[in-house]
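Morning, everyone. Let's get the structure up on the screen.

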There are 2 protein chains.
Amino acid sequence: MELLKKTVDSIGEPDRDAMEKAQERLNSLLKPPGSLGKLEEIAKRLAGITGKPVNRINKKAILIMCNDNGVTEEKVSSFPAEVSALVAETMLKGLAGVAVLGRHAGADLRIVDLGLFTDIKTPGIINRKIRKGTMNFTRGPAMSRDEAVKAIEIGIETALAAVKDGYNLLGTGEVGIGNTTTSSAVLHALTGESLDILVGRGAGLTDEGLTHKKDVIRRGMEKNMPDRNDPIDVLSKLGGLDIAGLAGCFLGAASARTPIVIDGFISGTAAVIAAAIKPAVKEFMFTSHVSVEPGTKVISEYLGLHPMLSMDMRLGEGTGCALAFNIIEAATKIMSEMGTFADIGM
Amino acid sequence: MELLKKTVDSIGEPDRDAMEKAQERLNSLLKPPGSLGKLEEIAKRLAGITGKPVNRINKKAILIMCNDNGVTEEKVSSFPAEVSALVAETMLKGLAGVAVLGRHAGADLRIVDLGLFTDIKTPGIINRKIRKGTMNFTRGPAMSRDEAVKAIEIGIETALAAVKDGYNLLGTGEVGIGNTTTSSAVLHALTGESLDILVGRGAGLTDEGLTHKKDVIRRGMEKNMPDRNDPIDVLSKLGGLDIAGLAGCFLGAASARTPIVIDGFISGTAAVIAAAIKPAVKEFMFTSHVSVEPGTKVISEYLGLHPMLSMDMRLGEGTGCALAFNIIEAATKIMSEMGTFADIGM
């Protein structure tokens, strides 16, 4: 609890002076004002985050939190829970979507096991297991409040370790069959948004499966009665260790004034939790893409962020971050490499 | 006229067999079917274009056509015509937006002067000047039919030369103050879409400027009476040499079965011209982003293509292509690098 409190207290505001200097430079570049749209917005926000008007991305990492969800007992996913460990293994072997797209973006992966049912043998896994899977939230809380705080703190530590190792652009990803169910439940409890808007087909549910998934969440709400004004209460009762760990990543990155990218629905839910704990954390986040999962729009609106990509993706894992990294890097290069009107004597 | 005819005749259909093989591979990859969205769609369309289920991008180029528009006499732009040559110079010097973003994407630029008022001295310019600027279309046709065909053929030659030099992913860009006016006019004449939907603020017009721009286009329509069933008639009367050259790039790339990316409003208008000449050319195109120019939506719908990026950009030059290149390359890598269910014994 101490690390969480210390981290939250240390998250500051964007550096308005650096943002103003960035805006001045943007206005001096060889283009009609504002014509590079979100690239300019990104460049300016980066200045606010780092305190430097012109930035350079040195090393990129996607932080991936793994967990198994007890609620998979209720058959809310088209895949069995055993697939989680398998997906984590394929990431470590470089064969998963995020491994391929991360490599393409020049990004490293840091894969943390917070709560898989089975243990991963493949080298490279970061074992910070808190428990072997969460509980089925239709029967009681998914985890204790202490466990949720512990997972958040491991997320904070993961982000801080990455920053210490020289990574200055972070992304977020996750592994956990059933985590669109836990995410929808958390968002529903926290924002009051209707389940019809929040609940999607995840990895490929039928119409019947979709109705069942909403019903399971309703039962979880009735059983646990989460307090919507207490994000950690909501998280521990209906969430997962992956969401908790990622919420910690957002808080940790913000405390280290390092930009961090939201992937899709699950990491977006974690971002909402982080913002409910400390609103200023939003200023250090970027969204990547509009996922097919309908709840991602609710997340972007809650956070006041504008996705860059419209790719109809819904794989998760951190795949959207990998694509967004290239764009964020492009934004730094317009600042450092474009000519100015002064350069050409105008 | 002979090269144009030969090129149009040689444009074939997508290779359905290769697309089917690509779809089989996509289905075998370690992910829920379809969960990589447009990345999968891009990979499949590339297979149709090249005839190979798995593709690899070797070299990338953005083909940039430069022209000055006589209609700038009517003060339809917030910049004077002299700025066109200046922009081309900054591209050649590596200082323009497309130069920076092209470098970031690992793409080369090929900058062709088809009709700038002034001559470019900076090394690297490809001088294929047809005339020094087009005519003011409120007083008569912007150019002769022969000149329009000549510009299309230079575009074809530019694309074919790039393919011969080993480039297997092409983009399109342009320089030409006033070319959102010529593009709006061409699209209006060709599609019948209302000017209120098609005409935007270009590089930064006021409300008054916007009304004036529409009025100038209406005068051009009345003066020239273009035949909407004859795309080359529309192009020569209301278009520019940049649009004509880019239409040729699309036709040339398609005839060489090479993927080519639309940037924004002007290259999109050229793509519509190319598709009006030969509908099958659409199958070889990709759109990059939804520009702020409102007409880009009309273009995407006409071509049946789905932009990948939502960046609020409106610089043109080819900047959107540079960002899209990274995504298209990512799509090739999921095909060549992701593991399959068979790989992990499932």
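Let me start with a question: is R145(B) buried, partly exposed or exposed? Keep in mind that this is a predicted model. R145(B) has a relative accessibility of 39%.

What does R145(B) pair with? The partner is D230(B), in a salt bridge with the closest N and O atoms 2.9 Å apart. This pair links distant parts of the chain, 85 residues apart. R145(B) sits in helix 6 of chain B, residues 145-164. D230(B) lies in the loop between helix 9 (207-224) and helix 10 (231-238) of chain B.

R103(A) and E337(B) form a salt bridge, 2.8 Å from N to O. That pair runs from helix 5 of chain A, residues 97-104, to helix 14 of chain B, residues 319-337. R103(A) is partly exposed at 44%. E337(B) is partly exposed too, at 26%.

Next, R103(B) and E337(A). Their closest N and O atoms are 2.8 Å apart, again a salt bridge. Here the crossing goes from helix 5 of chain B to helix 14 of chain A. R103(B) has 43% relative accessibility, so it counts as partly exposed. E337(A), at 26%, is partly exposed as well.

One network to look at. D113(A), D119(A), K129(A) and K132(A) are linked by salt bridges.

And the total? A search of the whole structure gives 36 salt bridges over all chains.

Note on methods. Residues numbered from 1 in each chain as written. Chains lettered and ligands numbered in written order. Predicted model: local features only at pLDDT ≥ 70, side-chain atom pairs only at ≥ 80, totals over all residues. Heavy atoms only, no water. Salt bridge = Lys/Arg side-chain N within 4 Å of Asp/Glu carboxyl O. Helix = DSSP H or I, 4+ residues; strand = E, 2+ residues; numbered from the N terminus. Buried < 20%, exposed > 50% of the residue type's maximum accessible area, 1.4 Å probe, protein only.
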